[in-house]
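Hi everyone, thanks for coming.

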Amino acid sequence: MARLLFSSRRRRYDDGGGFGALRNAEQAQFLFKRRLAIAGVVVLVAFGALFGRFVYLQVFQHRHYQTLAETNRIAIVPIVPNRGVITDRNGVVLAQSYSAYTLEIQPSRVKNLEETIDRLAAIVDVQPRDRKRFRKLLDETKNLESLPLRTRLTDDEVARFAVNRYRFPGVEIKARLFRQYPLGEVASHVVGYIGRINDRDVARIEEWDETANYKGSDYIGKVGVELAYERELHGTTGVEQVEVDSGGRAVRTLSRTPPVAGNDLKLSLDMRIQQVAEEAFGARRGGLVAIDPTNGDVLAFVSKPGFDPNLFVEGIDSANWELLNDSPDKPLLNRPLRGAYPPGSTIKPFLALGALTSGKRTPTQVIHDPGFFQLPGAAHRFNDDKPGGHGVVDMYKSIVASCDTYYYILASETDIDDTWRFMSQLGFGQKTGIDIEGELTGVLPSREWKRQRFAGPNYREEHRKWYLGDSISAGIGQGYNAFTPIQLAHAIAIIANDGVSFRPHLVKSIRSLGSGEVREIARESTHTVPLKPEHLAVIKNALVGVPKEGTAAAAFVKVPYVSGGKTGTAQLYSLKGEKYIHQKVDERLRDHAWYVAYAPADKPKIALAVLVENGGFGAQAAAPIARKVLDYVLTGQTQAGPAAMPAIPPSTEDESD
Amino acid sequence: MLNLVGHVWTVLTRRIDTFLLVVSLAIVGVGLITLFSATDQSLPRLSNQAASLAFSLLLMWIFANIPPQTLARAAVPLYLVAIVMLVGVALFGTVVNGSRRWLNLGFARFQPSELMKVALPLMLAWYFQKFEGRISWTDFAIAAVLIVVPVYLIKRQPDLGTALLIAASGFYVLFLAGLSWKIIVGLTALGAGAAPLIWPHLHDYQRERILTFIDPTRDPLGTGYHSSQASIALGSGGVVGKGWLNGTQTHLDFLPERHTDFIFAVFGEEFGLLGAALLLFLYLLLVGRGMMITLGASTLFSRLLAGAITLMLFTYAFVNMGMVSGVLPVVGVPLPLISYGGTAMVSLFIGIGILMSVQAYRKLVAT
């Protein structure tokens, strides 16, 4: 093998044993010189070939190319397609494009930029903000393209510039397409926004191999549906061959391949429900997801506070950006998608269903609740919300009155990995697969999860081990549990739909403008959780009891329909033995309030999850918001404005979770 | 006083190869003249390029004063750092706002593949010197691994163009170190023979790119357009050209990338065949001087290093001019010492500085 690979040199070395080191070095020198000479010949041949090519192009083909260059008054201009329109399920427009004039400068053709801009300011309105943005664009861009100084010129400004145009070489007025979000903040986290294409977007476009199709395009989807459905919305860029005069200005169009507009998206959202839900939040922070359990249509998707997507289209100015980005209210955070919160007591009906399915509990089996739970041989008391306890508790009461001790005991008898297996069928700790990017997985704890979580070198074996105490706090939705609002909405929808799970989706159908063809997004049933109807009936009966006579009764006084629901309160802050008094705790450390619900109870057409950040008790802060939405969906009426917080009668305060 | 000035002058010039410097500056001069025209007489860009030149000359001087043995000692650490950075790009590169070729060092952004252009030939030259006189086929196998690892990392960034160029620089060292002809011929034959077999396995877009190279009108908005417009620019330039600042292709916006990768089309349009031949001749002088330095180098390390640098200078010039004149597909390679851009200018002058060092120290090391 060695001989084959390295024959010539090796032979010389091996055979010439008597010649010594000097001889070897000479041989090596000789070999090297020969190699270098070969390289030299290659260089000469290659340069000779290039020279030959130049002679061919510049001498023999000169006349041909000269004619081409002279008649090369034909410039190829991309025509940017109109971006698709986004509407809600009833056709309410959420995002649209319109054409407007911009004043653009080609920096390479302008000698003194500042002076030119000063002179332009005398003709059109140029604010310091416009100058700042222009300078930023100038720094960022590497090409010699023209950059907008002002967008959305008025007709007056266009006319004034047209008269003075000769004074401004390198400055032009162009008609461009702009994106507008007519509803502003409403559903801003769903719709998202577009922005100028940056380096990272260029890489993305290259990956799709769409570089040619984005010639002339300045904008691309950055967030939300605008991002996730970018390739549907963008369309196909057209090409126009134009004849240009000696100054390079277009004088005549020779041929034109028209652009194909992007596809229109119809969302599954219903803006009426969305608006009722957003108003119900008032100034509170949080999220709400409402799903049609029979097909996965997302009917409302609220993340409060929101933001005005129109601010982002032209590149947000730094003052507004700081306002949004530095706000402690985090208006840019998509809470239903990217906020993971402990589920609190909303987890109880799901755990109860698991206990029925595994046979660990029967509906009538009772426990005695003294107001706390202790592990055998341990001093620590896991307290119930209600001092003194709920007394004798069966499954129905455990859900309706939200009894912690019932679930402490259940958790102490259930292996966490069994819980994990059942709960993951309901989508907990997994992405729901909703059709916008950035969804969080959340945490549904298991032994394996804890091992992975604390695998780092900073942790020791005892940190990685699963303890029974971990199971106990997980058993009431605290501990390691952390779910996104969309996960909870998805899970309650599965229960409402008797175990049949649909992937939640925001886009309902895609319409191609050219052919008029409408593609429905498939409502895929992802799987069916194997549940016994009699077990489902027990849980649903208890869920109906919650707004009727349980923890949410105060929020559901005199409802004209039957709904199922469950309150939840997620603790952020451990009060080391003190009693939690809402008003005394710093606002940002207060408990998160949850409510999950579906209605009507017999044939659900809506399932939802509401989260109010630092809202306190679920019954008090979250349930009234859910009621407003359910009222609207089921009766068509609702009172405008934020949902009132019902007073909690003192006697039930401790049960209010 | 005069003595001091004389001393300073000696320190400044004693390691500088006048021939190499004059030829390089002549090419840079051609570049600045062309750049002025290509950017529609933009003074800011011209002064930017001049600033890059000043900085590059400083680095050239520094490298010319570093003895080759010192460079040899830096070879292994430099190579390892470059590899670590490339892995860093693969792992964290996406976080940086920009393409995945960049690594954010906190104070500056840096393209590790640029470092690898120097580090790989250094490493290979060092390796072959270390085992000089007893090089066997296993050393070539190890060298192949040293090449394949960075090439793979850069290819998956993805930056196929740079990956191929770095592979070429590695191959040059192997070739000069005496890689068996059987392997070279065998691999070439294998590559050529495999082409028809690979075709059905290519992605549609990859086939499309190859077809666009054969027939540029297939892709009017993409690289095909660049290619046909560049050919028109060159061809219409004729023997004497249209004159400086008078290229119609250039100034009517038909030529894309005209101050970077396609600057040679501007030059060829305005200065014609005479200009192109002159530039070709200047590159030939540069490469020829590099080869003479290589020939006179005292150690195997400096021979291999100087040879690889020289052949890379040739490769860049050839690939770029071949691409602009339509005999090679459009790949993103700048024209050495001429295209606008500071990074390329800096690395090229570092290479020239190393050549000068090899020349200056050729007699100081006993063989």
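Let's begin with a sheet in chain A of this predicted model. There are 5 strands in this open sheet, in the order 12-11-23-22-21, and the pairing is antiparallel. As a reminder, strands of a sheet pair through backbone hydrogen bonds, either parallel or antiparallel. Which strands stand at the edges? They are strand 12 (298-304) and strand 21 (564-570) of chain A; each has a single partner strand, so one side of each is left without a neighbour in the sheet. On average, and ignoring direction, neighbouring strands here are turned by 5° against each other.

Let me stay with strand 21 of chain A for a moment. Its pairing with strand 22 (residues 592-599) of chain A is antiparallel and runs over 7 bridges. If you want a spot to look for, Gly565(A) stands opposite Ala597(A) of strand 22. Now, what packs on this sheet? That is helix 25 (residues 618-635) of chain A, which touches strand 11 (286-291), strand 12, strand 21, strand 22 and strand 23 (606-612) of chain A. The direction of helix 25 makes about 30° with that of strand 22 of chain A.

Lys304(A) and Pro305(A) are joined by one, with omega about -5°, and Pro305(A) sits in the loop between strand 12 and helix 13 (310-313) of chain A. Another cis bond runs from Ala599(A) to Pro600(A), with omega near -15°; Pro600(A) belongs to the loop between strand 22 and strand 23 of chain A. Asp498(A) is not a glycine, yet its phi is positive, near 55°. For context, most residues other than glycine have a negative phi, and most peptide bonds are trans.

On to helix packing. In chain A, the axes of helix 16 (residues 348-358) and helix 24 (residues 533-549) come within 9 Å and cross at roughly 155°. That angle is over 145°, so helix 16 of chain A is roughly antiparallel to helix 24 of chain A. The crossing of these two helices is right-handed. From helix 16 of chain A, the contact uses Pro349(A), Ala352(A), Leu353(A), Leu356(A) and Thr357(A), and these meet His535(A), Val538(A), Ile539(A), Ala542(A) and Leu543(A) of helix 24 of chain A. By class, that contact has 8 nonpolar, 2 polar and no charged residues.

Chain B gives us another pair to look at. There, helix 5 (residues 112-130) and helix 14 (residues 342-360) of chain B have axes that come within 11 Å and cross at roughly 15°, which makes them roughly parallel. This crossing is right-handed. Glu114(B), Lys117(B) and Val118(B) of helix 5 of chain B make the contact with Thr343(B), Ser347(B) and Ile350(B) of helix 14 of chain B. Those residues divide into 2 nonpolar, 2 polar and 2 charged.

Last, a word on confidence. Chain A has a mean pLDDT of 84, with 89% of its residues at 70 or more. Where is confidence in chain A lowest, and where highest? The lowest mean, 41, is in helix 2 (residues 7-15) of chain A, and the highest, 95, is in helix 23 (residues 485-496) of chain A. Over residues 1-19 of chain A, pLDDT stays under 50, and residues 648-657 of chain A are also below 50. Where pLDDT is low, the predicted coordinates should not be read in detail. Thanks, everyone!

Note on methods: Residues numbered from 1 in each chain as written. Chains lettered and ligands numbered in written order. Predicted model: local features only at pLDDT ≥ 70, side-chain atom pairs only at ≥ 80, totals over all residues. Axes fitted to C-alpha atoms, helices over the stretch in contact; angles between N-to-C directions. Helix = DSSP H or I, 4+ residues; strand = E, 2+ residues; numbered from the N terminus. Parallel < 35°, antiparallel > 145°, perpendicular 65-115°, else oblique. Left-handed = near helix turned anticlockwise from the far one by under 90°. Contact = placed C-beta atoms within 7 Å. Nonpolar A, V, L, I, M, F, W, Y, C, P; charged D, E, K, R; others polar. Pairing = 2+ DSSP bridges. pLDDT = per-residue confidence, 0-100.
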